[in-house]
Number of protein chains: 2
Amino acid sequence: MYDILKNINSPADVKNLNAEQLKILAADIREALFNRLTKFGGHFGPNFGIVEATIAMHYVFNSPQDKFVFDVSHQSYPHKMLTGRKNGYIKDECFKEDSGYTNPEESEHDFFNVGHTSTSISLATGLAKARDLKGGKENVIALIGDGSLTGGEALEALDFAGSELKSNLIIIVNDNQQSIAEGHCGIYHHLAELRRTKGTAGNNLFKSLGLDYIYEENGNDIQTMIKVFEKVKNINRPIVVHINTQKGKGYKLAEENREGWHWCLPFDRETGQWKVKFPAESYTSLARDYIMNKAAQDKDFVVITPAMPMTAGLTPDLRQKLGAQYVDVGIAEEHAVAMASGIAKAGGKPLVVTNATFIQRTYDQISQDVCINNNPVTILLNYTSFDGLTDVTHLGIFTIAAFSNIPNLVILAPTSKEEYLNMLDWSVNQNKHPVMIIMPGNMVTSREADKDYSRLNTFKLEQNGEKVAILALGDFYQRGEELAEKIKSEFGFAPTLINPRFACGIDEQLLTDLQKNHQLVITLEDGILDGGFGQKVAAFYADKDMRVKTYGLRKEFYDRYNPQELLQQLGMTTAQIIADIKKENI
Amino acid sequence: MYDILKNINSPADVKNLNAEQLKILAADIREALFNRLTKFGGHFGPNFGIVEATIAMHYVFNSPQDKFVFDVSHQSYPHKMLTGRKNGYIKDECFKEDSGYTNPEESEHDFFNVGHTSTSISLATGLAKARDLKGGKENVIALIGDGSLTGGEALEALDFAGSELKSNLIIIVNDNQQSIAEGHCGIYHHLAELRRTKGTAGNNLFKSLGLDYIYEENGNDIQTMIKVFEKVKNINRPIVVHINTQKGKGYKLAEENREGWHWCLPFDRETGQWKVKFPAESYTSLARDYIMNKAAQDKDFVVITPAMPMTAGLTPDLRQKLGAQYVDVGIAEEHAVAMASGIAKAGGKPLVVTNATFIQRTYDQISQDVCINNNPVTILLNYTSFDGLTDVTHLGIFTIAAFSNIPNLVILAPTSKEEYLNMLDWSVNQNKHPVMIIMPGNMVTSREADKDYSRLNTFKLEQNGEKVAILALGDFYQRGEELAEKIKSEFGFAPTLINPRFACGIDEQLLTDLQKNHQLVITLEDGILDGGFGQKVAAFYADKDMRVKTYGLRKEFYDRYNPQELLQQLGMTTAQIIADIKKENI
């Protein structure tokens with residue numbers, strides 16, 4: 001087992017292998033991928049497809065003097081195995097040592113911590129520019145997938161590299177004919193034409209931007225790839241090396257269902273069945289059902305996603321059913337949001353769905369194209385919670401801080417199934433405000449909720465009490481309920497419990513009323529404190545007689561943490577908050 | 001004077017004119033442009049160049065049923081004159097009625113309030129998509145300049161339109177061979193090749209993305225443009241109409257100096273001399289001198305700008321002198337920042353310069369590419385102040401709220417020439433932190449300052465006093481000085497005056513120390529309160545015995561306001577703050 005791989009401790013070890021051994025190494029890498037992915041999960045298809053090219057890259061180039069930048073780093077596992085980190089794949093007890101993304105803290109062979117797409121060419125041009133300033137001669141290589149190419153940052157960088165950087169830069173376009181979901185947009189079709197013509201198509205996007213270009217169809221053949229890379233090594237100008245690879249290569253199920261196997265949770269290798277079961281009802285499934293019903297009833301309704309349909313449960317068959325009412329713009333968040341603004345302006349009812357971490361990519365479009373124009377776009381965000389995605393590049397905890405300070409944007413934080421669906425429906429049907437809805441991260445709960453949210457920033461008084469008022473936002477409402485119970489049992493009085501519902505502003509009337517018979521206001525939020533909800537409440541009371549204690553996360557790039565342990569560290573458990581209250585003179 | 005224009009009250013009036021009258025109309029429009037621009041200033045070159053095409057657009061299409069979207073709207077003045085808003089150009093007393101940008105509040109012929117580039121194609125695809133959902137048949141036309149094409153949002157939208165939108169969309173590429181400064185990047189050279197070959201070049205970027213394409217070199221001939229637009233009117237698929245126009249046409253000085261006349265302040269028509277004089281020394285000129293000196297001394301230092309060199313005073317001759325140490329990436333903020341991260345990672349010293357409002361376009365790159373990786377990129381921002389640019393699309397007042405909540409990002413707010421230069425130099429030379437520097441908007445003042453800012457979030461106690469502590473951030477430090485004086489004279493005690501210097505966090509030790517002999521903390525900041533600096537201070541004291549009063553702007557899209565009147569309205573003048581203090585029991 002791992003006969004060759006077990007002896008690979010650095011790229012130098014790869015260079016000593018003969019052709020036969022390199023083939024065995026490829027098989028070893030796939031076995032190691034299976035070992036980690038069946039037990040631990042992670043990115044599947046992109047890594048299985050890039051094994052041979054990665055071996056060839058390390059065979060030909062001299063990392064880390066020559067510098068590799070892996071776009072989004074979904075396809076960096078084979079590289080990690082060849083650069084001293086095989087244990088994260090072949091030894092189960094070491095899985096957690098490996099971040100699953102390129103990470104300079106792990107290795108000098110990684111230059112950036114990357115988890116968002118479309119960044120590699122820009123980052124690589126920077127490495128190349130610094131090399132040129134310093135008179136260096138090393139190769140700089142960016143590896144980018146066809147899906148990532150649709151992102152504005154990648155397109156800007158291609159445009160730049162084509163004419164402004166006049167020195168060595170090797171852009172490997174890893175064309176596995178698939179984004180996360182199916183590919184979309186002009187580039188996707190253009191790459192198909194380039195494959196069909198073996199790179200000789202009359203029009204060539206890359207050449208039109210001033211880049212050199214070569215095509216290689218056998219991207220999964222090590223010796224071919226070695227020859228290709230030897231040809232471009234030490235080139236004195238930017239070149240695109242377009243290679244054709246098979247996503248998921250080496251696992252039949254993944255080769256056949258490229259979308260389903262882009263990424264996986266632990267699974268059974270024989271059957272392909274995931275070992276984790278999801279509840280039948282979730283906030284994702286509720287979004288999915290709402291979308292399908294609404295679309296059937298209202299022809300003005302349209303769902304737009306920047307390549308993240310599954311974040312709203314939109315499987316291929318449902319997308320098919322939605323027809324013209326479904327738009328996947330590719331990985332192009334800026335265009336998704338600006339286009340939604342245009343749709344809203346012309347009387348359509350656009351719903352943009354994606355993950356919270358990716359909506360950051362369209363901050364300016366939300367501010368300028370949508371909010372200055374006050375167009376009624378609804379943006380539904382998944383994975384906003386601190387206990388959702390815990391990789392540093394995918395945190396949702398900055399969402400409220402980032403967006404709640406943009407004028408005109410209404411941010412709704414639902415606390416139950418009914419509230420969530422009512423907010424969605426209110427938002428999609430109204431025509432006065434841009435709205436962002438924070439999808440709850442916890443289990444679905446049920447509670448009666450209002451249908452109309454047009455009186456902005458009106459908080460909901462859920463339990464009327466005294467002395468202490470708890471403002472428990474969105475996802476943390478259930479923690480607020482628990483805290484209220486505990487205060488009652490510990491202190492013998494019933495506190496007030498408030499469901500703010502709006503994360504974008506404060507209910508000044510309600511906060512003023514609280515001053516009559518409350519001494520302490522507690523805010524709970526599932527996000528960072530800086531720039532967030534609690535600080536708005538604290539600022540309101542800053543020159544008034546009211547103590548305020550704000551509970552939330554620190555402004556920090558947390559990485560792969562245990563959510564419950566983090567709460568404890570931050571002093572945010574119910575028991576810790578109770579202890580804090582005891583110190584006050586209530 | 002204005003013989004034809006004076007009778008144009010809507011586009012219908014244009015359609016009744018004969019060829020000769022249309023020519024006179026073009027001359028009238030140019031006279032009207034001169035009238036406004038010589039007296040009021042505004043965008044010059046783009047408007048002078050687009051006169052004929054705009055007349056032809058309104059002659060052929062039926063606005064507002066057919067919908068025009070003007071990219072960045074620097075070239076929308078002729079359109080405004082033809083759609084009932086000529087008075088804003090021919091009547092001096094009406095100048096202020098016209099926003100200088102497309103604005104739906106002014107006219108049904110405008111669909112979006114736009115001032116950032118590269119948005120028109122996305123917005124237009126949205127109008128087109130809504131039309132298709134509703135079964136409409138109207139034309140949707142986006143007019144975009146060659147400079148705007150380098151922005152990621154525009155590239156994403158081109159990519160989308162090329163294959164996903166299968167219905168009417170007319171993208172007019174107004175190629176005047178100039179961005180704001182000179183054009184850069186592959187597209188710029190590609191457009192030159194297309195012009196050279198009259199649109200027949202072997203490689204065609206637009207066609208490679210799946211778009212139809214036609215070229216017309218006589219973009220300043222009305223009858224030619226009418227024929228071109230008649231040909232594409234009611235087309236059933238997206239098409240790019242590439243037209244060659246002359247920026248600044250009709251004013252020799254502007255034709256010859258396209259960069260200098262992109263935009264103007266009031267000027268003398270005979271000489272071209274601007275009527276407003278700038279002080280010899282400004283924070284911009286200080287940046288310019290710093291850059292030139294540093295570049296000469298340090299070969300690792302490189303300035304990067306997304307097409308905004310003049311915001312740091314970098315005139316063409318200075319750019320020339322900087323050589324490889326100057327990079328204009330085109331209007332491509334995302335790439336600029338990500339590339340800077342790569343340069344910093346490889347040991348270069350990158351300084352990114354642009355306007356505050358445009359840095360929003362690269363929020364995600366600052367967070368992911370730069371800050372997660374903690375690469376020492378310095379970003380210097382101009383026009384951050386509420387009394388800088390007052391158009392709603394160009395406000396700098398959101399900068400601190402937007403960026404101060406991103407972990408690892410150090411935000412410095414200098415208060416004097418010495419502090420500004422020391423901060424710049426410290427930031428460029430250190431290698432531990434990404435840094436954003438807020439260029440002061442007021443007159444240059446002088447005061448001794450520290451050289452080292454490596455102890456993050458340490459505030460500077462400038463005047464030690466009692467009872468009241470004033471934290472006056474950046475640009476508002478001088479207001480803090482004035483307030484301190486006034487408190488002394490009104491109340492008979494000397495307050496404490498603090499220069500926070502850091503807008504990204506608080507000095508907990510200093511704030512704790514203040515509790516000993518202060519009852520009131522006042523924060524002053526040149527930006528919105530929500531998510532900003534004062535709220536961080538208020539939150540710190542929320543559960544402690546200290547009153548806090550935060551002064552700053554409201555979370556609102558202000559538009560074309562008088563800065564001094566706004567301060568008064570917001571209760572932020574020194575006299576008003578003094579009155580507030582009197583209400584407290586000090």
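In this predicted model, strands E11 (residues 378–382) and E13 (residues 435–438) of chain B run parallel and are joined by 4 bridges. One pairing shows the link: Leu381(B) has Ile438(B) of E13(B) as its bridge partner. Two helices come in here. Helix H13 (residues 283–297) of chain B packs on the sheet and touches strand E8 (301–305), strand E10 (349–355) and E11 of chain B. The direction of H13 makes about 140 degrees with that of E8(B). Helix H15 (residues 333–345) of chain B also packs on the sheet, touching E8 and E10 of chain B. Its direction makes about 160 degrees with that of E10(B).

Now take the sheet as a whole. It is open, with 6 strands of chain B in the order E9-E8-E10-E11-E13-E12. The pairing is parallel. Strand E9 (326–328) and strand E12 (410–412) of chain B are the edges, and each pairs on one side only. From one strand to the next, the twist averages 20 degrees.

Step back to the domains. Chain A has three parts: domain 1 (5–264), domain 2 (283–438) and domain 3 (460–583). The C-alpha centres of domain 1 and domain 3 of chain A are 46 Å apart.

How do the two chains relate? Chain A superposes on chain B by a rotation of 180 degrees, with 0.0 Å of shift along the axis and an RMSD of 0.0 Å. The copies are therefore related as by a two-fold rotation axis.

Last comes the contact. Chain A gives 98 residues and chain B gives 98 residues. On the chain A side, helix H7 (residues 120–134) gives the most, with 12 residues. That side has 38 nonpolar, 37 polar and 23 charged residues. Of the interface residues of chain A, 99% are also interface residues in chain B, so the copies meet through the same surface.

Methods: Residues numbered from 1 in each chain as written. Chains lettered and ligands numbered in written order. Predicted model: local features only at pLDDT ≥ 70, side-chain atom pairs only at ≥ 80, totals over all residues. Contact = placed C-beta atoms within 7 Å. Nonpolar A, V, L, I, M, F, W, Y, C, P; charged D, E, K, R; others polar. Domains from an automatic or database assignment. Least-squares fit on C-alpha atoms with pLDDT ≥ 70 in both. Pairing = 2+ DSSP bridges. Axes fitted to C-alpha atoms, helices over the stretch in contact; angles between N-to-C directions.
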